[in-house]
Amino acid sequence: MDSLDLKYSKSILLYLMKKKNAKKSDLFKIVSNNFVLDRLLDKLEIDGYIQITKNIIGPIIYNITLSEKGKMVALGLMKIDNLTKNLVEKSYLQNNKNPYSFDDQKLINIYPKQILISDMEISDLKAISLNIITDEDGFIKLYCNHDKSMKCKHVLFAWSLNEIQNFIQLQYCNSKLQEHS
Ligand SMILES: [Zn+2]
């Protein structure tokens, strides 16, 4: 088994990449068990990912650094780390920008041919107008003058309101009655 598959090995390479070099005691933050740490460092050294130098005179201090091979691996790990972070951040943003959340919008008024709503995200002064139009099949549709769209969030918001649903159905009935009169 490659030493990179061992638990904590990637954390140690990333730590060494950041700190350039470490004493063995620094790595107790990652692996608190001395025996496990020794075994892991041995394997990482044998596989050529790290270099361990011991000073012979005085108390034994291990100085641990990444080899060139270890640096390459650590760089790769950092890239994956950043990618994962980006993905997490992006999906967080996406979740929070819910297109079906209409918190910023309010109905101002309903007219026979137009609906006025406010959208705080766009302007707190200017109203957004939606035209009430009839398509070629005789169905009533809403058209947003701001987005030039029948599918934008203002149209979706308007369709979600009870008042609008009732109003549109009454209008539709009226137009059908007029056709027959
Ligand atoms: Zn719109």
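Predicted model: local features only at pLDDT ≥ 70, side-chain atom pairs only at ≥ 80, totals over all residues.
Residues are numbered from 1 along each chain as its sequence is written.

Tyr8 lies in the segment before α1, which covers residues 9-19, and although Tyr8 is not a glycine, its phi is positive, at about 75°. A positive phi, near 70°, is also found at Lys20, again a residue other than glycine. Lys20 sits in the loop between α1 and β1 (21-23), and Lys20 is exposed, with 8 other C-beta atoms within 10 Å.

Turning to the whole chain, we have five helices and seven strands, where helices (H or I, at least four residues) and strands (E, at least two) are DSSP runs numbered from the N terminus. Read from the N terminus on, the order of elements is α-β-α-β-β-α-β-β-β-β-α-α. The radius of gyration is 33 Å, well over the 16 Å that the globule rule gives for 181 residues, so the protein chain is more spread out than a compact globule; this radius is taken over C-alpha atoms, and the rule is 2.2 Å times the number of residues to the power 0.38. Along its principal axes the C-alpha trace spans about 110 × 35 × 25 Å, and 17% of the 181 residues count as buried.

How is the chain divided into domains? The assignment, whose bounds come from an automatic or database source, gives domain 1 (3-96) and domain 2 (105-180), and the C-alpha centres of domain 1 and domain 2 lie 60 Å apart.

Next come the nonpolar cores, a core being a set of buried Ala, Val, Leu, Ile, Met, Phe, Trp, Tyr and Cys residues joined through C-beta atoms within 7 Å. The largest has 15 residues, and those touching the most other members are Ile12, Leu13, Leu16, Leu44, Tyr49, Ile50 and Leu66. Two or more residues of this core come from each of α1, α2 (34-46), β3 (62-66) and α3 (68-96). If we leave aside neighbours within four places in sequence, Leu13 is in contact with Tyr49, Leu66, Gly70, Val73, Ala74 and Leu77, contact meaning that the C-beta atoms of two residues, placed from the backbone, lie within 7 Å.

For the strands, I will take β4 (residues 105-110) and β5 (residues 114-119), which pair in the antiparallel sense over five bridges; strands pair if DSSP finds at least two bridges between them. A hairpin of three residues joins β4 to β5, and the bridge partner of Gln105 is Asp119 in β5.

Val88 and Ser160 are 72 residues apart along the chain, and their C-alpha atoms are separated by 31 Å.

Definitions and conventions: Buried ≥ 20, exposed ≤ 12 C-beta atoms within 10 Å, placed from the backbone.
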